[in-house]
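Dear colleague,

Please find below the structure that I am handing over to you. My notes on it follow directly after.

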Amino acid sequence: MPKAVGEAQGRISGRIIIEQLIRNMELGQFEMAYSILTPCIFSLYLHPDDYTRLTGVFDLIREDAKKALAARLGQLNAKPPLGIGALRGAKDRKPYKIASKDWTFEFFPDSEGAVPLGDVEIHSELNETPQPGYHGTKTTLLDREPSVGAITGRAGVRPETRESGDRIYAEIRYEDDSGPQLYLMAQDEISVGRGGDGAQVSLALYTNDEVSREHLRVRRDAAQKRFVIVDKSMNGTWLNGRRLVRGVEETLPAKAQIGVAEVITLQFEAKQ
């Protein structure tokens, strides 16, 4: 994904903030037996200079954000099922809803020096009283070079600080609903999928529910100097056009195309 630098260098706009609220709402989905909850309580942290500049328009941003989130919720409920989902029929689809009567947005100046100028960090909850075991969703808009184990661009996850000794074992390039993205693999093993609802993944894909919450894993085998891949999904993973057998590890070539449920293609390239 292209680096996001706000509307101008080091400046963030209300439009970008609202885009990130929608992103956060979708990543924070919590599936239940008969419905899917989306976050509705948002805490937004801005660089102190951005907070001061935007203080006078927070109410207008809240007003627009409510309209945008309500519209997106309507789209999720109106969206026809895709692929295998279509075979189950619309009657089996779970409605998307929020647990409160309305969305709530609170703006705060970042006091820890963690949010750069032109960036926003958003924490969300499903309701005013968080669900047991649900720790909310945090998303950020990144305005810096790719970091180890992080997605670059507007809708990535806040990365850990990169240290000079960190080594990149592989790069994964792809395009999801947020646009082109780059993931830098520095761990020996990563999980890939939509995430959410208790499924913590290393690389979170922003896409439809044909992609499983944990769809596949990539592991670095240092002893044999190779990478392996294993499919963990319902709708399949393809390696260079060939469907993998679910649960069976296979060697991953140094350069490969990984098809995720025939929805997203990951361009994998080993760097070791």
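How many aromatic pairs does a search of the whole structure find? The search finds 5 aromatic pairs, where rings of Phe, Tyr and Trp (its six-membered ring) pair if their centres lie within 6.5 Å, and planes under 30 degrees apart count as stacked, over 60 as edge-to-face and the rest as tilted. Please note that this is a predicted model, in which local features need pLDDT of at least 70 and side-chain atom pairs count only at pLDDT 80 or more, while totals for chains, interfaces and linings use all residues. Residues are numbered from 1 along each chain as its sequence is written, and side-chain values use heavy atoms, with hydrogens and water left out.

**Aromatic pairs**

The pair of Phe42 and Phe105 is stacked, because the ring centres are 5.6 Å apart and the planes stand at 10 degrees. Phe42 belongs to strand β3 (residues 41-46) and Phe105 to strand β5 (residues 104-109), so this pair ties together parts that are 63 residues apart in sequence. Strands (E, at least two residues) and helices (H or I, at least four) are DSSP runs, numbered from the N terminus. Phe42 is buried, with a relative accessible area of 1%, and Phe105 is buried as well, at 3%. Buried means under 20% relative accessible area, exposed over 50%, and partly exposed in between (1.4 Å probe, protein chains only).

The rings of Phe227 and Phe268 have centres 5.2 Å apart and planes at 75 degrees, so that pair is edge-to-face. Phe227 in strand β13 (residues 226-231) and Phe268 in strand β18 (residues 264-270) are 41 residues apart, and their pair links distant parts of the chain. Both Phe227 and Phe268 are buried.

Helix α1 (residues 14-27) has 14 residues, which at 1.5 Å a residue should span 20 Å; its end C-alpha atoms are 20 Å apart, which agrees. The expected span is 1.5 Å times one less than the number of residues. Of these 14 residues, 11 are buried, including Arg23. The charged end of Arg23 sits over the ring of Tyr206, 4.5 Å from its centre; this term requires NZ of Lys or CZ of Arg within 6 Å of the ring centre and within 35 degrees of the ring normal.

**Strands β8 and β9**

Strand β8 (residues 170-176) pairs with β9 in the antiparallel sense over 7 bridges, where pairing requires that DSSP finds at least two bridges. A hairpin of 2 residues joins β8 to β9, and Arg173 stands opposite Leu182 in β9.

Yours sincerely
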